2 protein chains.
Amino acid sequence: MMRLSTKGDYGVRALIDLALYGGDGPVQRTEIARREQIPESYLDHLLAQLRRDGFVRSTRGPGGGHELARPAKEMCLLHVLESLEGSLAPLACLEDDPESDDGICGQQWVWRDIYDDMRAKLESVSIADLAEREQERLRNRALNYSI
Amino acid sequence: MMRLSTKGDYGVRALIDLALYGGDGPVQRTEIARREQIPESYLDHLLAQLRRDGFVRSTRGPGGGHELARPAKEMCLLHVLESLEGSLAPLACLEDDPESDDGICGQQWVWRDIYDDMRAKLESVSIADLAEREQERLRNRALNYSI
DNA sequence: ATAATGACGACCAGTTTAGTCGAGAATTCC
DNA sequence: GGAATTCTCGACTAAACTGGTCGTCATTAT
């Protein structure tokens, strides 16, 4: 069905959450799960993946939690999603970059283009960009409620 | 995994096959399946879907088979794939066109763009275009073998 | 009638998705 | 040292989707 799974969605939201609330010290899984409406034990797996790929750093024990391993500006959506979802290629034959235009796969040329554009766009958006948008959204929501 | 399923791939190839070999009278399922390397009984389902959505016309009995219901130039990849795969939207919140920018879904703005571009590109490619490419490919392959 | 061909629905195995759960390891605080 | 807190990791599971297969029936040309 060509859908992004919840892994990608949840994982990105977790990173945005860390960008927004991780200013002073680590943020606990419980907090992220509550704010972002993600089942906590599922979030566990996603954070593990993000840790493995160097997006978050975690510390155990009281006062422990998770924080971004690098500045949010230096994390692009593309790499994050590829960590969580695996390859985003719409066709298996587009997996490996080497311009293997054997054309074994007939529709390749159409999708190659689409795939390249998609990757470029996802690469140009950082977690910081998303966090900024999110903050705006929260601000607007607060305004609407207060009126 | 964000992958196009074999339904889309097989179905499009079946239409290309009809565009190439359907000049004089209907083409049998068996023929398509053999040429395109698709399990025949699976192809059955795909042709049924394509018939329901008006891409092919079928006739039963001896000498029967399948043919394109309209000129290949007037069938774009987008509509064909949407018939076979369902919506191609990478996020559920992009399903319905009405620019419902409630922004319930935070990453929506990024994907909206990508989705629109993708659809535009898929709409600009017709089955005729793909058939032409395919014919070229077959010609080249024949040359290579004969050398 | 019979043979050819498509139409349609039931069924099925394997994979992926979206989780849950429980035991354990590290760390802090007392 | 012991208890509380927090992350870590692997096993397990239910539901949905993918990629089919099969059998029966309908239609049509001869």
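## Surface near DNA strand D

The largest share of the surface near DNA strand D, four residues, is supplied by α3(A), where a helix is a DSSP run of H or I of at least four residues, a strand is a run of E of at least two, and both are numbered from the N terminus. The model is a predicted one, in which local features need pLDDT of at least 70 and side-chain atom pairs count only at pLDDT 80 or more, while totals for chains, interfaces and linings use all residues. Residues are numbered from 1 along each chain as its sequence is written, and chains are lettered from A and ligands numbered from 1 in the order in which they are written.

Around DNA strand D there are 27 residues, of which A:Ser58, B:Ser5, B:Pro39, B:Tyr42 and B:Gly61 come nearest; a residue is near a strand if its C-beta atom, placed from the backbone, lies within 6 Å of it. At least two residues each come from α2 (29-36), α3 and β2 (65-68) of chain A and from α1 and α3 of chain B. By class, this surface has seven nonpolar, 13 polar and seven charged residues, with Ala, Val, Leu, Ile, Met, Phe, Trp, Tyr, Cys and Pro counted as nonpolar, Asp, Glu, Lys and Arg as charged, and the others, Gly among them, as polar.

## Surface near DNA strand C

DNA strand C is surrounded by 27 residues, and the closest are A:Ser5, A:Pro39, A:Tyr42, A:Gly61 and B:Ser58. Two or more residues are given by each of α1 (6-21) and α3 (40-52) of chain A, and of α2 (29-36), α3 (40-52) and β2 (65-68) of chain B.

On the surface near DNA strand C, α3(B) gives the most, with four residues, and the residues of this surface divide into seven nonpolar, 13 polar and seven charged.

## Relation of the two chains

## Contact between chains A and B

The contact takes 27 residues from each of chain B and chain A, two residues being in contact if their C-beta atoms, placed from the backbone, lie within 7 Å. On the side of chain B that touches chain A, α1 (6-21), α4 (77-85), α5 (108-123) and α6 (127-146) each supply at least two residues, and the largest share, six residues, comes from α5(B). This side has 14 nonpolar, four polar and nine charged residues.

Because 100% of the interface residues of chain B are also interface residues in chain A, the copies meet through the same surface.
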